[in-house]
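This report looks at charged contacts and a surface patch. The structure comes next, followed by the details.

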Amino acid sequence: METYEILRDLAIILFVAKFCGMASRKAKAPQVAGQIIAGLLLGPSLLGLIHPSDFISQMAEIGVILVMFSAGLETDLSDLIKTGPKALAIACCGVFVPFLCGALLYFGFYGYDGFKTANFFAAMSIGAIMTATSVSITVAVLQELGKVKGTVGTTILSSAIIDDVIGIVVLTFVIGFKNPGEKPSMVIVKTILFFIVACIGGIITYRMFKWLDNRRPHTQRIPILGFVLCFALAYVAEKYFGIADITGAYAAGIILCNLKDADYIDDKAHISTYMIFAPIFFVSIGLKTSLDFTDVRFLLFCLAFVVVALASKIVGCGIMARICRFNFSDSLKIGVGMMTRGEVALIVAQKCLSVGMISSQFFTAVILLIICSSVLTPIFLKLLFAKEPATAD
């Protein structure tokens, strides 16, 4: 592809992504959904103006790494530690039940033909995609209802944060098991080793950043070095430990999230991430998505995927909340609050596609899930909270 054609594609992608994102926000849906729709419009499935290329794929990979870096920076580590066993238990059950249901759903439609086969890894991928939770829509609804700081709201937010961490670990294991000749024990050892190295190196790195932050606060060198850490850890994770590069990027964000200038680093990351790289990533999802519904079995799978993904989060999180002595009404609210899907589900799906574990057609099911959960979650939460008086945050 000629350089001027790349520039043309970038101009079209960014313009249409922004337009569709704004339209999506006006319709009370996440901007992510609009950017994916932009990719569908521009891609081979509809207008055919832009075709997936290596350049777009590489830009999208940078985008997903930066998105996960920002997610790590925005994590409140103290809240994560203080949330206690209830949020951890709810998050674990909210990962296990959807993962199991997703794998069984795939086996039910496409059959099981043994361990370490293509079908097995595709089923594991579908399960991993179902584990993700996106709490941004839920937060907006809870803020509107004045319930963010209530017991239920705090539990939902804390569980969602832990859910994302566990989901990334699950993805790491799933991808690790796919490596030819890799023993399951070695996957576990490498994963544990990475987190040990990340923790030890993270403590040292955090102290260095803290020293620099105290001496030169709010200077550009701090976010620049933050980017260096993000890309370095992403590289080390993939190259030397065989786990997803996004795991390294997320760990880099976690390491820096308690700095005084963590918000400053995140603001600088947002400039490049959400103006250029993230829209390209979400548009690339749409570009790769097939809208061929001639396969009746796949259409039924998509519908079942959405229903099972929503129900399994409600059941998994709701049952564990009940076990943790929440009443039935609050348990149901927690389950519904955890059922939204967004960026993390797309990131997991993209990673599984990049290593050949699923085909691009399954993005159709993921996009349907994101749209349905984004529309239904606010409606259900408002109905569940309707009889309770709003409290000021």
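E61 and K351 pair through their side chains in a salt bridge, at 3.2 Å from N to O. A salt bridge here is a side-chain nitrogen of Lys or Arg within 4 Å of a carboxyl oxygen of Asp or Glu. E61 sits in helix 3 (residues 54-73) and K351 in helix 15 (residues 343-354), so this contact ties together parts that are 290 residues apart in sequence. Helices (H or I, at least four residues) are DSSP runs, numbered from the N terminus.

This is a predicted model: local features need pLDDT of at least 70, side-chain atom pairs count only at pLDDT 80 or more, and totals for chains, interfaces and linings use all residues. Residues are numbered from 1 along each chain as its sequence is written, and side-chain values use heavy atoms, with hydrogens and water left out.

K351 also meets D245 in a salt bridge, at 3.0 Å from N to O. This pair again links distant parts of the chain: K351 is in helix 15, D245 is in helix 11 (residues 245-256), and they are 106 residues apart. K351 is buried, at 7% relative accessible area. D245 is buried too, at 9% relative accessibility. Buried means under 20% relative accessible area, exposed over 50%, and partly exposed in between (1.4 Å probe, protein chains only).

A further salt bridge joins D330 and K333. Both residues lie in helix 14 (residues 328-337), three residues apart, about one turn of the helix. D330 is buried at 18% relative accessible area. K333 is buried at 1%. Elsewhere, salt bridges that share partners join E61, E238, D245 and K351 into one network. The count by this rule comes to six salt bridges.

| Salt bridge | N to O distance |
|---|---|
| E61 and K351 | 3.2 Å |
| K351 and D245 | 3.0 Å |
| D330 and K333 | 3.4 Å |

Now the surface. A nonpolar patch has about 880 Å² of accessible area together, and its residues include I37, L41, I371 and I379. Such patches are made of residues with over 30% relative accessible area and no salt bridge, with nonpolar side chains (Val, Leu, Ile, Met, Phe, Trp, Tyr) joined within 5 Å. Areas come from the Shrake-Rupley method with a 1.4 Å probe; for residues, only the protein chains shown count as cover.

Which helix gives the most to the nonpolar patch? Helix 16 does, with five residues. Helix 2 (31-42) and helix 16 (362-385) each supply at least two. I379 lies in helix 16. I379 is partly exposed, at 42% relative accessible area.

How values were computed. Patch = residues over 30% accessible without salt bridge, like charges linked within 9 Å, V, L, I, M, F, W, Y side chains within 5 Å.
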